[in-house]
Amino acid sequence: MSINMIWAMDRNNLIGRDNALPWHLPNDMKYFRRVTSGKTVVMGRKTYDSIGRPLPNRRNLVLTRNAKWSAEGAETITDLEVVLKLAEQEEVMIMGGAEIYHLFMPHADRLLITFIDAEYEGTDYFPNFEQTDWLLVEETEGTVDEKNPVPHRFSVYERNK
């Protein structure tokens, strides 16, 4: 069916700081839960470790070079081909980190990006990609309020065929 990549980033493509999010944006967390619920999510081991548990109501696949790594409630995979085959039959959500995004970008069908209109300090950036390869198909402004003080928008892109 498809490989979808989902992430939030600031103006400078920053996606993380020391294996954590550099911002607190509950709207983005709600969006992430809504669009990934009931689906298969794929993450790297560092991302899994930063979360510390499998995400509920999702099949959790952890891509790692260490075939002996394991965590209750998560499936260990060591080969990106496993995900590519799975995506032929179901919608798969790639959720990071930076190395995992880089590996899957050539295979992605859709990008679900939360653009955060601010600049943060951090250590992890989304890999560069050719935006002309993608067509914006949906965009929604996030609500700014006391819990979500930073302007943000949810954008969905599909690969130009």
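Figure 1. Thr-36 is buried, at a relative accessible area of 0% (buried is under 20%, exposed over 50%, partly exposed in between, using a 1.4 Å probe and protein chains only). This is a predicted model: local features need pLDDT of at least 70, side-chain atom pairs count only at pLDDT 80 or more, and totals for chains, interfaces and linings use all residues. Residues are numbered from 1 along each chain as its sequence is written, and side-chain values use heavy atoms, with hydrogens and water left out. Thr-36 sits in helix H1 (helices are DSSP runs of H or I with at least four residues, strands are runs of E with at least two, and both are numbered from the N terminus). Its side chain reaches the backbone oxygen of Phe-32 at 2.7 Å. The side chain of Thr-36 also makes a polar contact of 2.7 Å with the side chain of Arg-58. (A polar contact is a pair of N or O atoms within 3.5 Å; within protein, one must be able to donate a hydrogen and the other to accept it, and residues adjacent in sequence count only if both atoms are side-chain atoms.) Leaving aside neighbours within four places in sequence, Thr-36 is in contact with Ile-6, Val-41, Arg-58 and Met-93 (contact means heavy atoms within 4.5 Å).

**Figure 2. Helix H1 and what covers its buried residues.** Which residues of H1 are buried? They are Pro-26, Asn-27, Asp-28, Tyr-31, Phe-32, Val-35 and Thr-36. An α-helix has 3.6 residues a turn, so residues three or four places apart point the same way. The cover over the buried residues of H1 includes E1, strand E3 (40-44), strand E6 (91-94), E7 and strand E10 (152-159). Just after H1 comes Gly-38, with a positive phi of about 80 degrees.

Figure 3. Rolling a probe the size of a water molecule over the atoms shows where empty space is left. A pocket is found on a 1 Å grid over the protein atoms alone, with a 1.4 Å probe: it is an open set of points with protein on both sides within 12 Å along at least five of seven lines, and lining residues have an atom within 4 Å of a point. The largest pocket has a volume of about 1,200 Å³ (the space filled by probe spheres set on the points, which are joined across faces, edges and corners). Its lining counts 42 residues, and Thr-47, Ser-50, Met-95, Gly-96 and Gly-97 lie nearest the centre. By type, the lining splits into 20 nonpolar, 12 polar and 10 charged residues. (Ala, Val, Leu, Ile, Met, Phe, Trp, Tyr, Cys and Pro count as nonpolar; Asp, Glu, Lys and Arg as charged; the others, Gly among them, as polar.) Elements that each supply at least two lining residues include strand E1 (2-9), helix H2 (45-51) and strand E7 (110-116). Helix H4 gives the most, with six residues.

Figure 4. Most residues other than glycine have a negative phi, and most peptide bonds are trans. A cis peptide bond joins Gly-96 and Gly-97, with omega about 5 degrees. Gly-97 belongs to the loop between E6 and H4. Asn-13, in the loop between E1 and E2, has a positive phi near 70 degrees. Asn-19 is not a glycine, yet its phi is positive, at about 60 degrees. The loop between E2 and H1 holds Asn-19. Asn-19 is partly exposed, with a relative accessible area of 42%.

**Figure 5. Tyr-101 and Phe-126, an aromatic pair.** The structure holds eight aromatic pairs (rings of Phe, Tyr and Trp, using the six-membered ring of Trp, pair if their centres lie within 6.5 Å; planes under 30 degrees apart count as stacked, over 60 as edge-to-face and the rest as tilted). Tyr-101 and Phe-126 form a tilted pair, 4.9 Å centre to centre with 45 degrees between the planes. Tyr-101 lies in helix H4 and Phe-126 in the loop between strand E8 (124-125) and strand E9 (134-141), so the pair ties together parts that are 25 residues apart in sequence. Both residues are buried. Trp-7, Tyr-101, Phe-126 and Phe-129 form one aromatic cluster.

**Figure 6. Ser-155 in strand E10.** Ser-155 lies in strand E10. Is this residue buried or exposed? Ser-155 is buried, with a relative accessible area of 0%. A 2.6 Å polar contact joins its side chain to that of Glu-139. Not counting residues up to four places away in sequence, Ser-155 touches several residues, among them Leu-111, Ile-113, Phe-115 and Leu-136.
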